[in-house]
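Let's take a walk through this model together. Keep the picture open while you read, and follow along from one part to the next.

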Amino acid sequence: MAQPQGIHARRAALRLLDAVFRRGETLDIAFNTATKDLRKFEDKALARAIASEVLRWLVDLDALIDNATKKPLPHDAKARMVLRMMLAQWLRLGTPPHAVVATGLDLLAGGPRRLAHGVFSTLTKREAVLPAAPTLPAEVAARWGERAEAMAAGLAEPPPLDLTLRDPTETAHWQVQLSADTLMPGHLRLPRGANVETLPGFAEGAWWVQDLAASLPARLLGQGTDGSGGRHVLDLCAAPGGKTLQLAAQGWQVTALDISKRRLDLLKANLKRTGLKANTVRADALKWEPRHQFDAILLDAPCTATGTARRHPDVLHRIGTRQIEEMAELQTALLQQAQGWLKPGGTLVYATCSLEREEGEDQTDAFAMPLAPVQPDELPAGLAATAEGWIRTDPGMLFEAGGLDGFFIARWRREA
């Protein structure tokens, strides 16, 4: 019997979800293995979209399932996971119910198949709907506090595609070429879903993909030229290299350090595509010793990445207290290490794509260097520094313009 069209993408989505829930992997790490049997870009994208929507709306999907079953399904039952996928396709991706049934039930056999069919039929007859914004897991909502509701609204849709231009003076040109919006010089915003490598400007390295919030830390270091040649900047934990590219384009002499060979290879490929230059170093930042001090240091520290939940909704379910504490401890050690490598009068920018205080605001408590507050003209319209002079962004901000990732950014200047 021939298999229904699209079943392979659904199986890949099921493998993705299994990797997240059973093995604690990220969607990015699991993606290549889970989709290795898929040849078409569209099939890979569909598998990712199904898994992402399940993770984004998990609490609400489970509530629908539980309201349509006499006995609760175990949380890790395969039938529950397949039902989550079926509902996500119907309610979030607009797949007709008959197509959902044709591709979904083939993932099950025996009694679970009949159960899933019955539950799905019940919910379609009830004309079930999801809320306007996803319900956050209780522990996540508690951590995010008073901004949790606004952040949840910002997670309702996958994010648009943000690009950073190699030459900000060409913003108007590329805005026309790509039919894009822009929120500040050097930034473009396109609708999601495009195959990036086919867009104008990719091959010649005119831009790279980078969320608007992720572009702010490097912008806060300004231009690297001071009339006597490029100044030296250290980009710590640099790969895959978006901020390295920014700094090189801003005229800095960049040393880009990362511990991962695979990620450094990506950084080198991005440098080659854009024609920008940086000295790459593979090393453990906690053990490495530089030969000289730097005029500036950018520490985009390893973190839980909860601020990227719009595009990586797996963080809503993988990250808890233990991971946050581990990352915070590493970030503190990296900050202490980095400040000793800074020249007198030099600038240090610290950033994490995390929404957790332990990885952001709390990291400033034991840092003795004078703060260099962020100024209004350094930020896109609609964003402002905190009273302390830091930047705190979250997915609920700039909502009408398409939102942005969650980041914490602070800048210090060492006394001369």
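What follows goes from the cores to the sheet and then to a few side chains.

First, some ground rules: this is a predicted model, so local features need pLDDT of at least 70 and side-chain atom pairs count only at pLDDT 80 or more, while totals for chains, interfaces and linings use all residues. Residues are numbered from 1 along each chain as its sequence is written, and side-chain values use heavy atoms, with hydrogens and water left out.

Let's begin with the nonpolar cores. A nonpolar core here is a set of buried Ala, Val, Leu, Ile, Met, Phe, Trp, Tyr and Cys residues joined through side-chain atoms within 4.5 Å. Buried means under 20% relative accessible area, with exposed over 50% and partly exposed in between, using a 1.4 Å probe and protein chains only. The largest core has 46 residues, and the ones touching the most other members are Leu 83, Met 85, Met 86, Leu 87, Phe 120 and Leu 123. Several helices supply at least two residues each, including H1 (7-23), H3 (41-56), H5 (78-91) and H7 (111-125). Helices (H or I, at least four residues) and strands (E, at least two) are DSSP runs, numbered from the N terminus. H5 gives the largest share of this core, nine residues. A second, separate core holds 37 residues, among them Val 233, Ala 239, Leu 404 and Ile 409.

Zoom in on Leu 123 for a moment. Beyond its neighbours within four places in sequence, Leu 123 is in contact (heavy atoms within 4.5 Å) with Leu 64, Ile 65, Ala 68, Leu 87, Trp 90 and Ala 128.

Now for the sheet. Strands of a sheet pair through backbone hydrogen bonds, either parallel or antiparallel. Two strands count as paired if DSSP finds at least two bridges between them. Here seven strands make an open sheet with mixed pairing, in the order E6-E5-E4-E7-E8-E10-E9. E6 and E9 (391-393) are the edge strands, each pairing on one side only.

At one end, E5 (residues 253-258) and E6 (residues 279-282) run parallel over four bridges, with Leu 257 opposite Val 281 in E6. To get from E5 to E6, the chain passes through helix H13 (residues 261-274) in a right-handed β-α-β crossover. Right-handed means that, with the strands pointing away from the viewer, the path from the first strand over the helix to the second runs clockwise. Elsewhere, E8 (residues 342-352) and E10 (residues 407-413) pair in the antiparallel sense over six bridges; Val 349 has Arg 411 in E10 as its bridge partner.

Where does Ala 152 sit? It is found in helix H9 (residues 148-154), and it is buried, with a relative accessible area of 7%. Setting aside neighbours within four places in sequence, Ala 152 is in contact with Ala 133, Pro 134 and Leu 136.

Last come the aromatic rings. Rings of Phe, Tyr and Trp (its six-membered ring) pair if their centres lie within 6.5 Å; planes under 30 degrees apart count as stacked, over 60 as edge-to-face and the rest as tilted. That rule gives six aromatic pairs. In one of them, Phe 202 and Trp 207 are tilted, at 5.8 Å centre to centre and 55 degrees between the planes. Both Phe 202 and Trp 207 are buried. Ring pairs also link Tyr 350, Trp 390 and Phe 408 into a cluster.
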